[in-house]
Amino acid sequence: MTGKTRSIVILTGAGISAESGLGTFRDKDGLWTKYDLSEVATPEGFSRNPVLVHDFYNARRKNLIEALPNAAHAALARLEQSWEGDFLLVTQNVDDLHERAGSKRVLHMHGELRKARCGMCEHVCAWDGDMGIATACPSCGIRQAMRPHVVWFGEMPLYMDEIYAALDSCDLFLSIGTSGQVYPAAGFVAELRRAGRAHTVELNLERSDGHTLFAEGRYGPATQVVPDYVEELLRRL
Ligand code: OAD
């Protein structure tokens, strides 16, 4: 990294929560090796079989509530607290482990599992219990329209204007625990590389398919490489 870093954007994926006991998607034993993505993570799958989709997310929500943030989540919260420049944590994760570790400036581009949304009135609210086809919207009262507040394949990710604005002005981009297979997040590093202003670092268990797009890579479990990298950054402040 050269010069003084003023603005950081961090992208996280399922790998940062793996050591908290939440499964990743594409690793051996990942969720998409056990479930058909088109059945449980698309609007069409939800229309075809809402019971199956609710059961899938009810089980994931239960796991999430029992999980705890790990040392990698804690390190990113520490970095945010100590950082005086611009800071944005963009996560593809629907878990809330960043917030529970103390992160404040977090955007969930793929939504949040501990929230529900009404497909009729668009009301969004906190949701920790199970959800089913007879669940009524607490705002409009309509049944059969409540769904997890998560982004399914074929739907628009959230907060994209804010995310691109932060990417436009960032000079350090960290990509942590993501395979880089799902767009638009997978395209962030290529766009930054074209613009040529930000230093880009991949921190992952292993090299992702797109690792050559990054200027630097740190490889190993997130609970080791993320705290180590954060300490390094903070020492340079
Ligand atoms: P993936 O399952 O595709 O990738 C997880 C990445 O984490 C892999 O590159 C692993 O090598 C890495 N990994 C695993 N364990 C790790 C550990 N302990 N420490 C560090 N890295 C580790 O998950 P995502 O890239 O997050 O979207 O997937 C992106 C999106 O695809 C998800 O948000 C989800 C999914 O389908 C939707 O559901 C819309």
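Does the end-to-end distance aside, what span should the 14 residues of α9 have at 1.5 Å a residue, and how far apart are its end C-alpha atoms?I worked from a predicted model.

**Entry: α9 and its cover.** I listed the buried residues of α9: A222, V225, V226, P227, Y229, V230, L233 and L234. I then looked up what covers them. The cover includes β1, α5, β7, β8 and β9 (216–219).

**Entry: the largest nonpolar core.** I counted 23 residues in this core. I8, I10, L76, L79, L174, I176 and V226 touch the most other members. Two or more residues each come from β1 (7–12), α5 (71–82), β2 (86–91), β7 (172–176), β8 (199–204) and α9 (222–235). The largest share, seven residues, is from α9.

Beyond its neighbours within four places in sequence, V226 is in contact with A72, A75, L76, I176 and L203. Another core lies apart from the largest one. This other core has 18 residues, among them V9, L107, F173 and L192.

**Entry: the ligand.** I found 24 residues around the ligand. A14, F25, R26, T178 and S179 come nearest. For F25, a backbone N or O atom sits 2.7 Å from one. For W32, a polar side-chain atom is 2.8 Å from one. For Q92, a polar backbone atom is 3.1 Å from one. How much of the ligand does the protein bury? Taken alone, the ligand exposes 800 Å², and the protein buries 93% of that.

Note on methods
Residues are numbered from 1 along each chain as its sequence is written. This is a predicted model: local features need pLDDT of at least 70, side-chain atom pairs count only at pLDDT 80 or more; totals for chains, interfaces and linings use all residues. Side-chain values use heavy atoms; hydrogens and water are left out. A nonpolar core is a set of buried Ala, Val, Leu, Ile, Met, Phe, Trp, Tyr and Cys residues joined through side-chain atoms within 4.5 Å. Buried means under 20% relative accessible area, exposed over 50%, partly exposed in between (1.4 Å probe, protein chains only). Helices (H or I, at least four residues) and strands (E, at least two) are DSSP runs, numbered from the N terminus. Contact means heavy atoms within 4.5 Å. The expected span of a helix is 1.5 Å times one less than its number of residues. A residue is near a molecule or strand if one of its heavy atoms lies within 4 Å of it. A polar contact is a pair of N or O atoms within 3.5 Å; within protein, one must be able to donate a hydrogen and the other to accept it, and residues adjacent in sequence count only if both atoms are side-chain atoms. Accessible areas come from the Shrake-Rupley method with a 1.4 Å probe; for residues, only the protein chains shown count as cover.
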